[in-house]
Amino acid sequence: MDSEIAFDRSPAFRVYKSGRIERLLGETTVPPSLTPQNGVVSKDVIYSPEKNLSLRIYLPEKVSDVTVKKLPILIYFHGGGFIIETAFSPTYHTFLTSAVAAANCLAISVNYRRAPEFPIPIPYEDSWDSLKWVLTHITGAGPETWINKHGDFGKVFLAGDSAGGNIAHHLTIRAKREKLETVISGIILIHPYFWGKTPIDEFEVRDVGKTKGVEGSWRVASPNSKEGVDDPWLNVVGSESSDLSGLGCGRVLVMVAGDDVFVRQGWCYAAKLKKSGWEGEVEVMETKNEGHVFHLKNPNSDNARQVVKKLAEFINK
């Protein structure tokens with residue numbers, strides 16, 4: 001039975017009938033570096049000792065030891081459908097290094113436990129724990145010196161791609177509901193992982209294979225969900241129970257890609273947000289002829305440079 005495949009999502013992962021998962025992408029990691037890379041230094045810190053969960057902090061080298069300059073804080077959640085990738089992969093290390101260099105910010109890239117070993121909602125709970133850990137530094141007396149010394153808690157941004165964008169949205173809703181001691185300035189959702197059984201329009205069903213792939217992947221990530229892809233965790237745009245007026249930030253940037261299966265979900269999220277009664281500013285950036293998080297796979301492409309530039313502009317607006 002261990003050799004019989006229950007769900008094949010190659011080239012990303014395979015799940016076998018025995019329950020074993022074979023991750024085909026995103027398992028390679030790179031270490032942090034105190035030697036500047038693109039003018040940025042990095043280090044890993046444990047934020048949840050009881051769960052042995054870490055995050056990676058990035059800081060412009062020019063301010064790391066010389067000044068006490070306060071910098072915007074970017075808290076980033078990686079993508080991968082809640083199933084593959086980590087905060088320490090070459091893909092995310094390269095992207096966050098570029099983003100910090102462009103935005104001149106302090107970035108915190110969060111690692112959370114993944115499904116199916118740790119199904120939904122565990123990735124959200126781990127991410128929430130990481131956010132609360134970061135906020136222990138507000139008074140300047142937290143456990144991590146870089147955050148105490150350089151973090152500007154008047155400029156906190158949550159961001160993520162794919163599943164990470166989904167996480168950033170839900171954490172921002174929860175932040176307002178639970179009245180966190182700091183206000184989140186804005187969120188950046190890069191090709192956010194939102195879906196539902198009922199297509200938003202004809203564009204969502206143009207590739208039936210990709211649609212089935214989304215639904216199958218969600219069953220792997222959330223096997224206990226009775227609603228399937230209509231689960232409110234995933235169906236943020238189409239669900240009537242999803243009230244976006246409670247979003248706990250003042251600004252939102254949604255990045256979408258022309259050839260991405262999630263492109264219409266991103267556009268409609270922005271439209272629903274505008275109509276919800278939420279009193280903030282939302283903008284959408286579209287990159288043409290690009291698939292899902294393609295900029296991460298091709299960091300030297302024009303689209304990748306546009307994404308980094310727009311992210312930096314949004315943070316420093």
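Trainee: So axes are lines fitted to C-alpha atoms, for helices over the stretch in contact. With that in hand, which two helices have axes that come within 10 Å?

Mentor: Remember that this is a predicted model. The pair is α3 and α5, with α5 covering residues 163–177. Their axes cross at roughly 60°.

Trainee: What do we call that orientation of α3 and α5?

Mentor: Oblique. Angles of 65 to 115 degrees would count as roughly perpendicular, and those under 35 as roughly parallel. The crossing is at roughly 60°, so α3 and α5 are oblique to each other.

Trainee: Is the crossing of α3 and α5 left-handed or right-handed?

Mentor: Right-handed.

Trainee: Which residues make the contact?

Mentor: From α3, Y124, E125, S127 and W128. From α5, N166, I167, H170, L171, R174 and A175.

Trainee: How many of those are nonpolar, polar and charged?

Mentor: The contact of α3 with α5 has five nonpolar residues, three polar and two charged.

Trainee: New topic. What order do the strands of the open sheet have?

Mentor: There are eight strands, and they run β4-β5-β7-β6-β8-β9-β10-β11. The pairing is mixed. From one strand to the next, the twist averages 20°.

Trainee: What holds paired strands together?

Mentor: Strands of a sheet pair through backbone hydrogen bonds, either parallel or antiparallel.

Trainee: In which sense do β6 and β7 pair?

Mentor: Parallel, over five bridges. Strand β6 is residues 71–77, and β7 is 106–110. For a landmark, find I73, which stands opposite L106 in β7.

Trainee: Which strands does α3 touch?

Mentor: Helix α3 (residues 122–135) packs on the sheet and touches β4, β5, β6, β7 and β8. Its direction makes about 110° with that of β4.

Trainee: And which strands does α7 touch?

Mentor: β9, β10 and β11. Helix α7 (residues 263–275) also packs on the sheet, and its direction makes about 155° with that of β10.

Trainee: Back to helix pairs. At what angle do α2 and α9 cross?

Mentor: Roughly 45°, with axes that come within 9 Å. Helix α2 spans residues 90–103 and α9 spans 302–315. That makes α2 and α9 oblique to each other. Here α2 passes α9 in a right-handed crossing.

Trainee: Which residues touch there?

Mentor: On α2, F95, S98, A99, A102 and A103. On α9, V307, V308, L311, A312 and I315.

Trainee: How many of them are charged?

Mentor: None; the contact of α2 with α9 has nine nonpolar residues and one polar.

Note on methods
Residues numbered from 1 in each chain as written. Predicted model: local features only at pLDDT ≥ 70, side-chain atom pairs only at ≥ 80, totals over all residues. Heavy atoms only, no water. Pairing = 2+ DSSP bridges. Helix = DSSP H or I, 4+ residues; strand = E, 2+ residues; numbered from the N terminus. Axes fitted to C-alpha atoms, helices over the stretch in contact; angles between N-to-C directions. Contact = heavy atoms within 4.5 Å. Parallel < 35°, antiparallel > 145°, perpendicular 65-115°, else oblique. Left-handed = near helix turned anticlockwise from the far one by under 90°. Nonpolar A, V, L, I, M, F, W, Y, C, P; charged D, E, K, R; others polar.
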